[in-house]
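Me: I'm new to reading protein models. Could you walk me through one?

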Amino acid sequence: MTVADDLNAFKAAARILTWLGAIGRLTLPIDLDLVRQMLSDTPFGRGSAIKEPADLTWNASEGALVRNPDDEREWGIFVNPKARPERRRFTIAHELGHFILHRTSQPSFLCDKESVYSGIDNLKQIEREADDFASNLLMPGDMLRDRIAGKCIDFNLIGTLAKEFGVSLESMSIRIVKYTEQRAMLVYWDHGFLKYQWPSGNARKTRVRLRQTGDPQEPLAGTLAADDSIDQEWDGVDMPAKVWCTSEADEIKLRELKHTYTGGNRVLSLLMLESAPPRTYFRSGWEDGPTHDTFDRFVDSGQLPVR
Ligand SMILES: [Zn+2]
């Protein structure tokens, strides 16, 4: 190992952010070129160098990290040239994560779209770690916390933050749903079918479940997600939570937000639910009381996501 055995994605990103801060360069969006170049002078990359990212033309993957077969100290990052700039940034950060965390275990990494950025939770461990690294590096938790404190979370806020941090709306949505104390659920639809759903910690504790339509899951009647006449609803619309979630009490409401991507085939739904008491199963843990805020819990858990 070139780095400490207990290094994880969160700690690695946190250390890089600290180093950036120390040289007065902890500014948004995070300068990935600077990070890449500085790694050689840090314990994370000493003795190795990463060349400037190049277009990935020899493979249909989203990104790759490859060791030069003629010079094992040199590594190259390759990125899908057709991807949008914010996606390219996430891919580069993901490959930097492989470089720091995994390069001693294999000489090359080919990363497809599903593994580089998505809420899909059955990724290989190293892909998940690289994603977590990218997410923490590009969207530093304390900078994010300052910006969402006391704010109403909707796609307007998420869109503004996504621009400021240089990430996609989806990446920022995932980060915020992982982060928020509110009961929230992010749902991604692809060609009319569920691709993934991602509950926040408190949604999980209170067992928020989508009403099932079958397998694969389709948008539910009465929701914005099912309404083809509405492409965007960034402010959100209030409705009974029961429309989406079977087990919610009659009086509980949720706000549904909708973003449709260009082309109309991919839809992101964000559900912000009213608070509700945790279900019995989780109560013992809950009654201990949240002594940490979400950020602290991320630190404690090494930022490995609760999925
Ligand atoms: Zn990867």
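Here is a short chat about confidence, a pair of helices and a sheet.

Me: Where is confidence lowest and where is it highest in the protein?

Reply: Keep in mind that this is a predicted model. The mean pLDDT of the protein is 87, with 86% of its residues at 70 or more. Helix α7 (residues 155-165) has the highest confidence, at a mean of 98, while helix α11 (residues 294-300) has the lowest, at 41. Go carefully over residues 281-307, where pLDDT stays under 50.

Me: How do I read two packed helices?

Reply: In general, you describe them by the angle between their axes and the distance between the axes. Here, take α1 (residues 9-22) and α5 (residues 125-138): their axes come within 8 Å and cross at roughly 30°. Angles under 35 degrees count as roughly parallel, so α1 is roughly parallel to α5. Their crossing is right-handed.

Me: Which residues of α1 and α5 meet?

Reply: On the α1 side you'll find Ala9, Phe10 and Ile16, among others, and on the α5 side the residues include Glu129, Asp132 and Phe133. By type, the residues of this contact are eight nonpolar, one polar and two charged.

Me: What about the sheet: what order do the strands have?

Reply: Follow β7-β6-β10-β9-β8, an open sheet of five strands with antiparallel pairing. β7 (193-199) and β8 (233-240) are the edge strands, each pairing on one side only. From one strand to the next, the twist averages 20°. Inside it, β6 (residues 183-190) and β10 (residues 266-273) pair over eight bridges, and Met185 stands opposite Leu271 in β10. Helix α7 packs on this sheet and touches β8, β9 and β10.

Definitions and conventions:
Residues are numbered from 1 along each chain as its sequence is written. This is a predicted model: local features need pLDDT of at least 70, side-chain atom pairs count only at pLDDT 80 or more; totals for chains, interfaces and linings use all residues. Axes are lines fitted to C-alpha atoms, for helices over the stretch in contact, and angles run from 0 to 180 degrees between N-to-C directions. Helices (H or I, at least four residues) and strands (E, at least two) are DSSP runs, numbered from the N terminus. Angles under 35 degrees count as roughly parallel, over 145 as roughly antiparallel, 65 to 115 as roughly perpendicular and the rest as oblique. A crossing is left-handed if the near helix is turned anticlockwise from the far one by less than a right angle, and right-handed if clockwise. Two residues are in contact if their C-beta atoms, placed from the backbone, lie within 7 Å. Ala, Val, Leu, Ile, Met, Phe, Trp, Tyr, Cys and Pro count as nonpolar, Asp, Glu, Lys and Arg as charged, and the others, Gly among them, as polar. pLDDT is the predictor's confidence in each residue, from 0 to 100. Two strands pair if DSSP finds at least two bridges between them.
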